[in-house]
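Hi,

Here is the structure I promised to pass on.

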Amino acid sequence: MALNLRQKQTECIIRMLNLNQPVNPTGTANEEVYKILIYDKFCQNILSPLIHVKDLRKHGVTLYFLIDKDRKPVNDVPAVYFVQPNQSNIQRIVADASRSLYDSFYLNFSSSVPRPLLEDLASGTLNSDSIHRISKVHDQYLEFVTLEDNLFSLSQKSTYLQLNDPSAGDKEIEDIIERVVSGLFCVLATLAVVPIIRCPRGGPAEMVASALDQKLRDHLLSKNNLFSEGGSFASSFQRPLLCIFDRNFELSAAIQHDFRYRPLVHDILGLKLNRLSVPGEKGGMKSYELDSSDPFWTANGSLEFPEVAVEIETQLNTYKKDVDEVNRRTGGNAGAEFDGTDLMGNTKHLMNAVNSLPELTERKQVIDKHTNIATVLLGQIKERSLDAYVKKENDMMDRGGIDRSELLAVLKGKGTKMDKLRFAITYVISSETINPAEAEAVEAALIESEIDTSAFQYVKKIKSLNVSLTSANAASRNNIVDWAEKLYGQSISAVTAGVKNLLSSDRQLALTRTVEALMEGKPNPEIDSYLVFDPRAPKSSSGSSSSHLKGPFKEAVVFMIGGGNYVEYGSLQDLAKHQQPVKNVIYGTTEILTGMEFVEQLSQLGHKMGLGNPVATSSTTH
């Protein structure tokens, strides 16, 4: 049984809508009990990719509101609250209870409620004599957003910027690490598994891994812990691997252009929470959902754009053939004599035709939707020469550089300011050594196009610092707040090594290659230095690479601190599919970012360090 995060989280939410009672065998909450659902913005984002508004009715939810909206009292109906445990939500709940807005309150917090907030809730409802209205208080451990069966985000914004901010003190760093750990704990609690944790030494990855190990250990000591159901079948059940990385492990994947369908749709059209809007053929905007309910998206998300266009064409032709076939069968045979047997035959054809209509209509809708999306993408690709960017960036990463005239031609050619900036940063990452004259020419070309160079200069500075860092002594390395080390806990050679891939024209990401090695569990120089944490093992054996790692692992959760993307997600899914036997890899990150959103965080870091030319920052986005 592969771990399926989407299914598990959906089950938890349906149970919550059923007032935390077990759900009917049909998988719906008891609809006899009408209830009201109140949520905050964060929890609305958790719900929206999993349960459609129209499906809420199935679970007896008749009305739903954001917690900070003004609401009228509703009698005789329980209210289910699903909110983050924070001061303003607690105050609002106390206010709602004291105004007797609803008969009973079922409070569900997205993660565990800190004690002081629980006390505020108790004293607030006691003072207003409304504590009897609070029926249940639940910690749901659901503080993450699942977008696909194997894809989740903690929706923690700007983590990369905060972790690498040169002015961040120990306390701020610890708070960010704590938030990440809390989110990962929610994911593991929902899956009900205690993994074996692996990570590179140093930097945020080790900090998160060791804090998560401690949190799981503490939790496993309590009697009614969330993982106890693993006890009975623990012997037959192989635990998954949790591999934790920091964005600096491979910066390029967050910045490069990509030509596969899923990353393109996200990067160019801004897919958010599985939804996007594009201009329709007849003007106006069309909104679409892209998730596992769309067979085309599921089947073709990892194909390169030209192959997707061919696939749309093929499906359209098949559809037309099927429609012609239905018309032919139901059209009758005009010249034939009428007799009873033919009537029977015709009725059967008509019935078949009627039955196949909904399926045909649905197919046509999917084809139209992807035709529309692909048309908009194609317009952008041509206008911005995106195919050239993809090809040249991949060449740079493979060859470790690019011819200067070719480099400058791209920067003076087509593409948005952001396209050019991403290209220039990829050039810095890909070069084994940076030629100062060449870098100056690149910078001059960026300035000429009125592009803010702070992100470019920032990566360049980190790169040169890193070269001297590899020779630095261990004492200075241990200083986590020294931002240079924080930025590169790993050597940049992991970032720059262009490695030929199993897939046709593609390099395999360093991330994917490393996860593959970790899942194999064999000795391998690339990962021998990786730390091991096993929260179920005695404390002494943790931290060093011990022999109890019985590979190969069938399941892994890969987590990227500081922002992930659909490029890495797609690469890991391809890896899992091509393994014999097939493996299962769940990919998660602090937030899912487009290339532009990530580079904007780099720009802000550059500004904080006083780098870059004083062009208006907003100009990079045009």
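Some ground rules before that. This is a predicted model, so local features need pLDDT of at least 70 and side-chain atom pairs count only at pLDDT 80 or more, while totals for chains, interfaces and linings use all residues. Residues are numbered from 1 along each chain as its sequence is written, and side-chain values use heavy atoms, with hydrogens and water left out.

**Cavities and pockets**

The search of the whole structure turned up four cavities of 30 Å³ or more. On a 1 Å grid over the protein atoms alone, a cavity is a set of points where a 1.4 Å probe fits but cannot get out; a pocket is an open set with protein on both sides within 12 Å along at least five of seven lines; and lining residues have an atom within 4 Å of a point. Points are joined across faces, edges and corners, and a volume is the space filled by probe spheres set on them.

The second largest cavity is lined by 19 residues, and Gln-256, Pro-263, Asp-267, Arg-422 and Val-567 are the closest to its centre. Helix 9 (252–255), helix 10 (261–269) and helix 23 (566–578) each supply at least two lining residues, with the largest share, five residues, coming from helix 10. (Helices are DSSP runs of H or I, at least four residues, and strands are runs of E, at least two, numbered from the N terminus.) By class, this lining has 10 nonpolar, six polar and three charged residues. Here Ala, Val, Leu, Ile, Met, Phe, Trp, Tyr, Cys and Pro count as nonpolar, Asp, Glu, Lys and Arg as charged, and the others, Gly among them, as polar.

The second largest pocket has a volume of about 610 Å³. Its lining has 28 residues, and Glu-289, Ser-293, Asp-294, Val-366 and Lys-369 lie nearest the centre. The classes here are five nonpolar, 10 polar and 13 charged.

Elsewhere, strand 10 (275–279) and strand 11 run antiparallel over five bridges, with Leu-276 partnered by Tyr-288. These two strands form a hairpin with five residues between them, and Gly-283 in the turn has a positive phi of about 80°.

**Aromatic rings**

Rings of Phe, Tyr and Trp (its six-membered ring) pair if their centres lie within 6.5 Å; planes under 30 degrees apart are stacked, over 60 edge-to-face, the rest tilted. That rule gives 15 aromatic pairs. Phe-144 and Phe-152 are edge-to-face because their planes stand at 75°, with the centres 6.2 Å apart. Both are buried (under 20% relative accessible area; over 50% is exposed, in between partly exposed; 1.4 Å probe, protein chains only). Phe-245 and Phe-249 make a tilted pair, 4.9 Å centre to centre with 45° between the planes. Phe-245 is buried at 1% relative accessibility, and Phe-249 is buried at 4%. Finally, ring pairs link Tyr-81, Tyr-102 and Phe-105 into a cluster.

Cheers

Notes. Two strands pair if DSSP finds at least two bridges between them.
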